[in-house]
Amino acid sequence: MLAQVFSVANQKGGTGKTTLSMNLAAGLSRRGRTLIIDADPQGSAGQWAGLSTDERPFPVSVISVASNLAREVSRMRQDYQYLVIDCPPTLETGVAQSAMSISDKVFVPILPSPVDLWASVRLTDAIDQVKIGNSRLQAYILINQLELRSAMSRSMSQALAEFDMPALQSCLRRRAVYRNSALEGLSVYCMGKRGESAVQEVEFLIEEILTS
């Protein structure tokens with residue numbers, strides 16, 4: 001059985017792409033063999049995993065693929081159950097489009113602000129173009145860094161309703177443990193009691209994306 005391929009993409013930086021990719025992959029690895037493909041020239045996923053230690057390694061291998069992404073992913077689908085591609089924060093290089101062309105699902109992390117949502121309009125157009133050649137591709141918005149003490153603003157809810165891409169019911173809240181896990185080269189699954197709430201929301205997310 002070929003691996004399911006999930007891309008994490010947004011043309012805007014600072015939306016938490018790598019945080020989502022790393023913790024999503026860590027959770028998926030508990031269900032099957034998983035690999036993270038770092039397609040971002042900045043190499044954030046590789047740097048994250050590189051901060052781990054032999055005593056506490058990151059639970060998923062990270063490889064960097066700078067060119068021929070579609071060919072490399074197609075080759076690796078036979079060896080894994082899940083592949084997670086961390087895309088660069090731009091559409092100009094065509095890497096994100098290449099990743100989506102061989103993905104089953106693409107997740108677009110967006111900060112809970114209408115401005116951030118509107119900044120992703122071009123990505124919607126790119127996804128529509130990719131779907132012409134990859135009709136199985138499903139695209140979802142994920143609200144990231146949602147403030148614990150406040151629900152999404154009314155304007156954000158209205159903007160989501162008008163956006164031509166469904167939003168996942170699951171979201172990731174703004175939690176210090178996500179930043180701390182990155183600094184330690186770990187996932188929230190490795191953070192003990194500090195990470196329990198974050199693990200729960202990542203698990204909710206995984207169950208939703210695997211059944212959607």
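How accessible is Glu203: buried, partly exposed or exposed? Glu203 counts as partly exposed, at 23% relative accessibility. Here buried means under 20% relative accessible area, exposed over 50%, and partly exposed in between, with a 1.4 Å probe and protein chains only.

1. Basis. This is a predicted model, in which local features need pLDDT of at least 70 and side-chain atom pairs count only at pLDDT 80 or more, while totals for chains, interfaces and linings use all residues. Residues are numbered from 1 along each chain as its sequence is written, and side-chain values use heavy atoms, with hydrogens and water left out.

2. Confidence. The protein chain has an average pLDDT of 91, and 95% of the residues reach at least 70; pLDDT is the predictor's confidence in each residue, from 0 to 100. Among the elements of the chain, the highest mean, 98, belongs to strand E4 (residues 82–86), and the lowest, 70, to helix H7 (residues 154–162). Helices (H or I, at least four residues) and strands (E, at least two) are DSSP runs, numbered from the N terminus.

3. The structure holds 14 salt bridges, each a side-chain nitrogen of Lys or Arg within 4 Å of a carboxyl oxygen of Asp or Glu. One of them joins Arg31 to Glu203, with the closest N and O atoms 2.6 Å apart. This pair links distant parts of the chain, 172 residues apart: Arg31 is in the loop between helix H1 (17–28) and strand E2 (34–38), and Glu203 is in helix H9 (residues 196–211). Arg31 also meets Glu207 in a salt bridge, at 2.9 Å from N to O. Glu207 lies in helix H9 and Arg31 in the loop between H1 and E2, so this pair ties together parts that are 176 residues apart in sequence. Arg31 is partly exposed at 25% relative accessibility, and Glu207 is partly exposed at 40%.

4. Arg71 and Glu72. The side chains of these two residues form a salt bridge of 3.8 Å, N to O. Arg71 is exposed, at 55% relative accessibility, whereas Glu72 is buried, at 18%.

5. Nonpolar surface. Val115, Trp118 and Val121 make a nonpolar surface patch of about 310 Å². Trp118 belongs to helix H5 (residues 114–118) and is exposed, with a relative accessible area of 52%. Patches are made of residues with over 30% relative accessible area and no salt bridge, like charges being joined within 9 Å and nonpolar side chains (Val, Leu, Ile, Met, Phe, Trp, Tyr) within 5 Å. Accessible areas come from the Shrake-Rupley method with a 1.4 Å probe; for residues, only the protein chains shown count as cover.
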